[in-house]
Amino acid sequence: MSTEKPSVLFVCVHNAGRSQMAAGYLRALGGDNVEVRSAGSEPKDQINPVAIEAMAEEGIDITGNTPKILTVDAVKESDVVITMGCGDACPIFPGKRYEDWELEDPAGKEIVTVRRVRDDIRGRVEALLAEIAPAA
């Protein structure tokens, strides 16, 4: 990683579900060992309430988060850029790690589906964290 503390940017279209859940997990599991950002190409005005509910079941509060627009600076400032299976085209900068996690969009879905997406995200975040900040 290019910095002492690795920085991860999670991107999905609306920045209201998948990317917010991933950011919530990375903040909770990585603590001060990692910097976390999330953004979307077409952010909604609020976080998906079912995603908030699903994360609350895990003891992670994402109610205070706000969807943000994806910027070139957010990509520049991140070591790892993860898109959430939504076809977003991120600016490409040398030396960055890019991944696309193909995940079902939880928008408009029942809690059972959102829990499945949440659990998939948790496993991926745990694996990522083990790679980029093993001391966490």
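Modeller: By class, eight nonpolar, five polar and three charged residues form the lining of the largest pocket; Ala, Val, Leu, Ile, Met, Phe, Trp, Tyr, Cys and Pro count as nonpolar, Asp, Glu, Lys and Arg as charged, and the others, Gly among them, as polar. The model is predicted: local features need pLDDT of at least 70, side-chain atom pairs count only at pLDDT 80 or more, and totals for chains, interfaces and linings use all residues. Residues are numbered from 1 along each chain as its sequence is written, and side-chain values use heavy atoms, with hydrogens and water left out.

The largest pocket holds about 180 Å³ of space. A pocket here is an open set of points on a 1 Å grid over the protein atoms alone, where a 1.4 Å probe fits, with protein on both sides within 12 Å along at least five of seven lines; lining residues have an atom within 4 Å of a point. Grid points are joined across faces, edges and corners, and the volume is the space filled by probe spheres set on the points. Of the 16 lining residues, His14, Ala16, Gly17, Asn48 and Ala107 are closest to the centre.

Turning to salt bridges, the model has 14, each a side-chain nitrogen of Lys or Arg within 4 Å of a carboxyl oxygen of Asp or Glu. One joins the side chains of Arg18 and Asp105 at 3.8 Å, N to O. Arg18 belongs to helix H1 and Asp105 to the loop between E4 and helix H4 (111–132), so the pair ties together parts 87 residues apart in sequence. Helices (H or I, at least four residues) and strands (E, at least two) are DSSP runs, numbered from the N terminus.
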